[in-house]
Amino acid sequence: MATASADGGSPVALVTGGGTGLGRAIAGALAADGYRLAIASRSEAHLADGAAELRRRGATVRTVPVDVRLPDQVDRMVAAVTAEYGRLDVLVNNAAGNFPIPAERLSPNGWRAVVGIVLDGTFFCSRAAFPLLRESPAPSIVNLVASYAWTAGPGTVHSAAAKAGVLALTRTLAVEWARFGIRVNAVAPGPVRTDGTDRQLWTSDAIVRAVSDDVPMGRFGTPEEIAESVRFLVSARASYITGQVLVVDGGQWLGKGALHLLDRAGPE
Ligand code: NAP
């Protein structure tokens with residue numbers, strides 16, 4: 001369960017990209033632990049849909065329109081959280097953009113869009129949230145990354161570079177902000193089907209089969225499995241964990257190399 005403040009108010013979590021996909025599942029898991037929620041992204045429709053579902057499940061939710069690439073909007077997002085709740089205990093930097101494209105065909109604008117959402121957005125949100133977080137009795141940030149930040153992500157040079165930056169940011173802030181009691185960790189989901197990834201990444205049955213076959217556990221993860229890992233990292237059960245990345249991928253990134261190919265071929 002989350003930590004109540006001295007005045008007994010329940011804690012507050014801000015989830016960027018919280019209206020859809022993994023962000024919505026993460027928001028739901030935190031609400032189940034007693035957090036009041038702010039979910040933030042660009043599309044009013046995404047936010048309204050996400051908030052409606054979360055409220056049906058009993059959550060207290062405030063929606064905040066924001067483009068995390070723009071520091072002024074990010075500051076206004078945090079001001080809206082302050083006005084609504086007067087506190088912030090957990091920030092989940094989940095918003096992202098990604099579209100596979102060979103590096104030589106990626107335009108400067110495409111590069112800037114993805115790096116802007118993922119890397120700039122994570123820094124702008126963390127920076128803006130800091131004054132509220134440092135007042136929390138148990139403050140925590142979780143950043144969503146991806147294992148291609150360290151394995152390579154052919155076709156996603158923009159996203160892989162940005163996620164690698166977020167990993168460095170996670171470790172750096174963990175060390176810098178430990179003195180304020182703020183823990184900063186990352187979760188690296190393996191392949192999970194969401195509306196966003198079905199549209200951009202897992203676009204055919206053949207791709208879905210190939211990706212499942214590539215995971216030692218033989219399947220995609222679920223949004224709930226990713227949400228559980230965030231729930232753990234922000235909880236008191238993880239109170240001495242900071243600067244870490246929790247990989248939740250059915251063993252996917254480890255299952256590489258020639259010997260794995262022999263193993264998959266099975267015994268003679
Ligand atoms: P998704 O459904 O596409 O969600 C992305 C979210 O980011 C949307 O809610 C979108 O909302 C928001 N967003 C995009 N641009 C934004 C901007 N400029 N400002 C504010 N919000 C913005 O993706 P997902 O699959 O749930 O992924 C969630 C996170 O997990 C991402 O960080 C992703 O990289 C990571 N991840 C996912 C997988 C997977 O297989 N699903 C694997 C590895 C890592 P709006 O359109 O309303 O702005």
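Helices (H or I, at least four residues) and strands (E, at least two) are DSSP runs, numbered from the N terminus.

1. Basis of the model. This is a predicted model, in which local features need pLDDT of at least 70 and side-chain atom pairs count only at pLDDT 80 or more, while totals for chains, interfaces and linings use all residues. Residues are numbered from 1 along each chain as its sequence is written, and side-chain values use heavy atoms, with hydrogens and water left out.

2. Cavities. The whole structure holds 2 cavities of 30 Å³ or more. A cavity is a set of points, on a 1 Å grid over the protein atoms alone, where a 1.4 Å probe fits but cannot get out; lining residues have an atom within 4 Å of a point. Grid points are joined across faces, edges and corners, and a volume is the space filled by probe spheres set on the points.

3. Largest cavity. Its volume is about 40 Å³. The lining consists of Thr16, Val68, Asn93, Asn94, Ala95, Ile117, Gly121, Thr122 and Cys125. Helix α4 (residues 108-133) contributes the most to this lining, with 4 residues. The lining has 4 nonpolar, 5 polar and no charged residues, where Ala, Val, Leu, Ile, Met, Phe, Trp, Tyr, Cys and Pro count as nonpolar, Asp, Glu, Lys and Arg as charged, and the others, Gly among them, as polar.

4. Second largest cavity. This cavity contains about 30 Å³ of space. Its lining is formed by Asn93, Ala95, Val118, Thr122, Asn143, Leu144, Lys163 and Val166. At least two lining residues come from each of α4, β5 (140-144) and α6 (157-176). By class, 4 are nonpolar, 3 polar and 1 charged.

5. Ligand shell. There are 28 residues around the ligand, of which Thr20, Ser41, Arg42, His46 and Val192 come nearest; a residue is counted if one of its heavy atoms lies within 4 Å of the molecule. The shell divides into 13 nonpolar, 11 polar and 4 charged residues.

6. Polar contacts here are pairs of N or O atoms within 3.5 Å. A backbone N or O atom of glycine 17 lies 3.3 Å from a ligand oxygen atom, and a polar backbone atom of alanine 96 is 3.4 Å from a ligand oxygen atom. For lysine 163, an N or O atom in the side chain is 2.9 Å from an oxygen atom of the ligand. Taken alone, the ligand exposes 880 Å², and the protein buries 91% of that, with accessible areas from the Shrake-Rupley method with a 1.4 Å probe. The elements giving two or more residues to the shell are α1 (21-32) and α7 (195-200).

Conventions: On a 1 Å grid over the protein atoms alone, a cavity is a set of points where a 1.4 Å probe fits but cannot get out, and a pocket is an open set with protein on both sides within 12 Å along at least five of seven lines; lining residues have an atom within 4 Å of a point. A polar contact is a pair of N or O atoms within 3.5 Å; within protein, one must be able to donate a hydrogen and the other to accept it, and residues adjacent in sequence count only if both atoms are side-chain atoms.
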